[in-house]
Amino acid sequence: MPHRKTALRLAAPVAVLALALTACGGGDDESDTGADAKSPATAEASPSPSEAASGGDLAEGESATGKVAEDPGEVTFDVVAQKVDVGTEAEAAKTVADAADAKGKVLATAYLKYTHKSGPALTENSDVHDGATVFADGQRGGVLIGASEDAAGCEDPYDVESWKQGESHVFCETYVIPSGASSVEVHWSEEDGDPYIWKFAQK
């Protein structure tokens, strides 16, 4: 699986808003239309006995287990969203390349802990963090490339090139979300799987 962020990361010396904020509305698949929309048959189909269902709501601190196609082979990870740090509009304006993009927005940084549970040891970058996204009040935020590497407690996934069974790493995802959101959700999913969802209420 190719890294979805590598090219943008290498090209961006400062944080870049990679998703247009006006195009981030809607939930997961419910708002899709055209060829990518679920057909009625697909939506109603249940997994076969040999195909375990994935995804669903999880409590804070509860971990999900999923498989990721890595090089040199498939790896099973335990994944847990530890917390979400939500900043201020002023912080968002200073972070994005164009301050106008941050009007009425704040930064939400999700901390996810990934533990190599089984499978071959990795000797290059992992794709496990590619399945993580942040939603606010049911709408996907706009991802910021290069904004999480300097956050305290966050590791740069592109610096982790040796990963053995039993080892854990914390990778972070920073998204731009509307200020005043009442709920922030962290989603993580296997490739082509339904998302696991951790909800963090905002005061």
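Me: Leaving aside its neighbours within four places in sequence, which residues is Ser183 in contact with?
Reply: Phe135, Ala136, Asp137, Lys199, Phe200 and Gln202, once the neighbours within four places in sequence are left aside. Contact here means heavy atoms within 4.5 Å. This is a predicted model, where local features need pLDDT of at least 70 and side-chain atom pairs count only at pLDDT 80 or more, while totals for chains, interfaces and linings use all residues. Residues are numbered from 1 along each chain as its sequence is written, and side-chain values use heavy atoms, with hydrogens and water left out.

Me: Where is Ser183 found?
Reply: In strand 10, residues 183-188. Helices (H or I, at least four residues) and strands (E, at least two) are DSSP runs, numbered from the N terminus.

Me: And how many residues apart in sequence are Ser183 and Ala201?
Reply: They are 18 residues apart in sequence, and their C-alpha atoms are 4.5 Å apart in space.

Me: Back to Asp137. What is its phi?
Reply: Asp137 has a positive phi of about 50 degrees, and it is not a glycine. Most residues other than glycine have a negative phi. Asp137 lies in the loop between strand 6 and strand 7 (139-140).

Me: Which value does phi of Asp192 have?
Reply: Near 65 degrees, which is positive, in a residue other than glycine. Asp192 is in the loop between strand 10 and strand 11 (196-201). Asp192 counts as exposed because its relative accessible area is 81%.

Me: New topic. What does Val128 contact, leaving aside its neighbours within four places in sequence?
Reply: Val68, Glu70, Phe77, Tyr114, Trp163, Phe171 and Trp188. Val128 is in the loop between strand 5 (105-118) and strand 6. With a relative accessible area of 1%, Val128 is buried.

Me: What separates the C-alpha atoms of Val128 and Thr76?
Reply: 9.6 Å, for two residues 52 apart along the chain.

Me: And Thr133, where is its place?
Reply: In strand 6, residues 132-136. Thr133 counts as buried at 13% relative accessibility. Beyond its neighbours within four places in sequence, Thr133 is in contact with Arg140, Tyr175, Glu185, Val186 and His187.

Me: How many salt bridges does a search of the whole structure find?
Reply: One. The side chains of Asp85 and Lys83 form it, at 3.9 Å from N to O. A salt bridge is a side-chain nitrogen of Lys or Arg within 4 Å of a carboxyl oxygen of Asp or Glu. Asp85 is partly exposed at 35% relative accessibility, and Lys83 is partly exposed at 38%.

Me: Which residues form a negative surface patch?
Reply: Asp71, Glu124, Asp159 and Glu161. Patches take residues with over 30% relative accessible area and no salt bridge, joining like charges within 9 Å and nonpolar side chains (Val, Leu, Ile, Met, Phe, Trp, Tyr) within 5 Å. Asp and Glu count as negative, Lys and Arg as positive, and His and the chain ends are not counted. The place of a charge is NZ of Lys, CZ of Arg, CG of Asp or CD of Glu. Accessible areas come from the Shrake-Rupley method with a 1.4 Å probe, and for residues only the protein chains shown count as cover.

Me: Last one: how many helices and strands does the protein have?
Reply: Three helices and 11 strands. Buried residues make up 39% of the 203 residues.

Note on methods:
Buried means under 20% relative accessible area, exposed over 50%, partly exposed in between (1.4 Å probe, protein chains only).
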